[in-house]
Amino acid sequence: LDAELQDSFYKGFCRSFLWPIFHNVIKAGSFKQSLWRAYCTVNRRFADKVIEVYESGDVIWIHDYHLLLLPSVILRKLRTARVGLFLHTPFPSSEIFRTISVRDELLRGMLNADVVGFHVFEYARHFLTCCKRMLGLNHYIQDGGFLGILDNNHSVIVQASHAGIEPELLEAALEANGACERG
């Protein structure tokens with residue numbers, strides 16, 4: 001990334017706009033269309049790099065709020081890829097999240113992952129509430145006790161895990177969920 005794009009993406013959109021909101025702080029007038037475009041551009045560039053090295057059967061793990069659109073961008077080209085997203089930040093309440101003008105785009109990006117993970121259940125609950133209030137999506141309990149959201153016939157596992165993932169449990173959940181046979 002050139003210096004200007006990196007600055008607009010990281011310092012501009014991520015750190016100055018998203019980070020405060022994800023920590024339940026609203027800064028009036030902080031959204032700028034040019035910074036949003038930088039965020040979208042960087043997510044597309046990351047997707048291009050992932051696609052270059054992707055091999056069938058790989059699980060793609062995306063970390064944190066910097067790349068919330070990445071699951072959507074990847075799946076436009078790799079329809080059967082398995083994608084996980086883990087947020088290392090809090091997830092704001094729906095009252096705070098709804099102040100983001102591009103909230104639907106961010107939620108839809110996250111919902112294109114097969115698994116969305118949060119550090120604690122409170123953050124997962126905030127995400128589920130946002131999906132219900134903003135997109136009209138209900139959550140349910142999947143086989144095996146996992147929380148799920150069904151969006152356009154795509155089932156997303158929502159997980160709270162403060163320490164990380166357990167690959168065997170994830171693989172079993174993905175297989176039970178049919179995510180391994182996406183297409």
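**Questions on the fold and its residues**

Among contacts in the protein between residues at least 6 apart in sequence, 66% join residues at least 24 apart. The model discussed here is a predicted one.

Student: How many helices and strands does the protein have, and in what order do they run from the N terminus?

Tutor: The secondary structure consists of seven helices and six strands. Read from the N terminus on, the order of these elements is α-α-β-α-β-α-α-β-α-β-β-β-α.

Student: What radius of gyration does the protein have, beside that of a compact globule?

Tutor: The C-alpha trace spans about 45 × 35 × 30 Å along its principal axes. For 183 residues, a compact globule would have a radius of gyration near 16 Å. The protein agrees with this, since its own radius of gyration is 16 Å.

Student: What share of the residues counts as buried?

Tutor: A residue is called buried when its relative accessible area is under 20%. The accessible surface of the protein comes to about 9300 Å², and carbon and sulfur atoms hold 50% of that surface. Of the 183 residues, the buried share is 49%.

Student: How far apart are the centres of the positive and negative side chains?

Tutor: The protein carries 19 positive and 20 negative side chains. The centres of these two sets are separated by 10 Å.

Student: Which elements cover the buried residues of helix α3?

Tutor: Helix α3 takes in residues 70–77, and six of its eight residues are buried. These buried residues are L70, P71, S72, V73, I74 and L75. What covers them includes α2 (33–53), β1 (59–63), β2 (82–86) and α5 (103–111).

Student: Is L85 buried or exposed, and which residues does L85 touch?

Tutor: L85 has its place in strand β2. Because its relative accessible area is 0%, L85 is buried. Leaving aside residues up to four places away in sequence, L85 touches W61, I62, D64, L68, M110, A113, V115, V116 and G117.

Student: Where is V115 found, and which residues does V115 touch?

Tutor: V115 is found in strand β3, residues 115–118. V115 is buried, given its relative accessible area of 1%. Not counting residues up to four places away in sequence, V115 touches W61, V83, G84, L85, I157, Q159, L170 and L174.

Student: Is S93 buried or exposed, and which residues does S93 touch?

Tutor: S93 is found in the loop between β2 and α4 (94–97). Its relative accessible area is 18%, so S93 is buried. Not counting residues up to four places away in sequence, S93 touches N24, H126 and C130.

Student: What is the phi of D64, and is D64 buried or exposed?

Tutor: D64 lies in the loop between β1 and α3. Its phi is near 85°, a positive value in a residue other than glycine. At 11% relative accessibility, D64 counts as buried.

Student: Is N153, which has a positive phi, buried or exposed?

Tutor: N153 is found in the loop between β5 (147–151) and β6 (154–160). Although N153 is not a glycine, its phi is positive, at about 65°. A residue counts as exposed at over 50% relative accessible area. At 77% relative accessibility, N153 counts as exposed.

Note on methods. Residues numbered from 1 in each chain as written. Predicted model: local features only at pLDDT ≥ 70, side-chain atom pairs only at ≥ 80, totals over all residues. Heavy atoms only, no water. Helix = DSSP H or I, 4+ residues; strand = E, 2+ residues; numbered from the N terminus. Rg over C-alpha atoms; globule rule 2.2 N^0.38 Å. Buried < 20%, exposed > 50% of the residue type's maximum accessible area, 1.4 Å probe, protein only. Contact = heavy atoms within 4.5 Å. Areas by Shrake-Rupley, 256 points an atom, 1.4 Å probe, with all protein chains shown as cover. Lys, Arg positive; Asp, Glu negative; His and termini not counted. Charge placed at Lys NZ, Arg CZ, Asp CG, Glu CD.
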